[in-house]
Amino acid sequence: KLEGEIIMAEPISRRYAHSEGITHLCYDSKKHLVTCGHDCDVRTFAGVEEDDCEEFSVASEKISALACYRGGGKNVIAIATDDNTIQAYTSEGAPEGLLMRFTAPVTYLAVNPGHTHLAATSCDFSVRVLELGGASRAVTLHGHEAPVLCARFDPRGEYLASSSCDGTVRIW
């Protein structure tokens, strides 16, 4: 337990990921680092020491959020773009289809530990939770009074917490 102690650490590696602007990242089920940015590119790095990466572009839309999950026996990347939609892509960049559409920008994506639900937050003050898989049912959670910035599932996947610009955190 560290109390009141500052530890300085050197990075293991550093690499170019995206042009200036916001860069998002997550790890896929193969433990590859997946990054995206406002340059419309998605890059997958196979290892910590790897400088080479797999890369694909998402049309001409800036990427606002991403999440990785295992679905249908393969790695899937959910990508939110400036057109207020969330699209699914294989890890190789092949489109898998539209997951959700919003009336305002999507701010964050999160997948539960069992890879059965995708949560998306938006500037339209809502949180949507999509059941991944065959039925793909979605439920919209209302209650925030400002744009919702983030949502995270608890480690067991029983609860979802969301935070908003109104200064609240809601547990669902």
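Predicted model: local features only at pLDDT ≥ 70, side-chain atom pairs only at ≥ 80, totals over all residues.
## The largest pocket

The largest pocket has a volume of about 410 Å³. Its lining consists of 21 residues, and those nearest the centre are Cys26, Leu109, Ala110, Val111 and Arg152.

Four strands each contribute at least two residues to this lining: β1 (23-27), β5 (63-71), β9 (106-111) and β13 (148-153). By class, the lining of the largest pocket comprises 14 nonpolar, five polar and two charged residues.

## The second largest pocket

The second largest pocket has a volume of about 210 Å³. A set of 16 residues lines this pocket, with Tyr69, Val76, Leu99, Leu132 and Gly133 nearest its centre.

At least two lining residues come from each of β5, β6 (74-81), β8 (95-101) and β11 (127-131). The lining of the second largest pocket divides into six nonpolar, six polar and four charged residues.

Strand β7 covers residues 85-90, and five of its six residues are buried, so the strand is largely enclosed by the rest of the structure. A residue counts as buried when its relative accessible area is under 20%.

Strand β7 runs antiparallel to β6, to which five bridges join it. Within this pairing, Ile77 has Tyr89 of β7 as its bridge partner. Three residues lie between the strands in the hairpin of β6 and β7, where Asn84 adopts a positive phi near 65°.

Strand β7 also pairs with β8 in the antiparallel sense, again over five bridges. Here Ile86 is placed opposite Met100 of β8. The hairpin of β7 and β8 has four residues between the strands, and Gly93 in this hairpin takes a positive phi near 100°.

## Salt bridges

Side chains of opposite charge can pair when their charged atoms come close. How many salt bridges does the structure hold? There are two.

One of them joins Lys74 and Glu96, whose closest N and O atoms are 3.3 Å apart. This pair links distant parts of the chain, since Lys74 belongs to strand β6 and Glu96 to strand β8, 22 residues apart. Lys74 is partly exposed, at 35% relative accessibility, and Glu96 is partly exposed as well, with a relative accessible area of 41%.

In another salt bridge, the side chains of Arg137 and Glu131 meet at 2.6 Å, N to O. Arg137 is exposed because its relative accessible area is 54%, where the cut-off for exposed is over 50%. Glu131, at 23% relative accessibility, counts as partly exposed.

Note on methods: Residues numbered from 1 in each chain as written. Heavy atoms only, no water. 1 Å grid on protein atoms, 1.4 Å probe; cavity = no way out; pocket = protein on both sides within 12 Å on 5 of 7 lines; lining within 4 Å. Points joined across faces, edges and corners; volume = space filled by probe spheres on them. Nonpolar A, V, L, I, M, F, W, Y, C, P; charged D, E, K, R; others polar. Buried < 20%, exposed > 50% of the residue type's maximum accessible area, 1.4 Å probe, protein only. Pairing = 2+ DSSP bridges. Salt bridge = Lys/Arg side-chain N within 4 Å of Asp/Glu carboxyl O.
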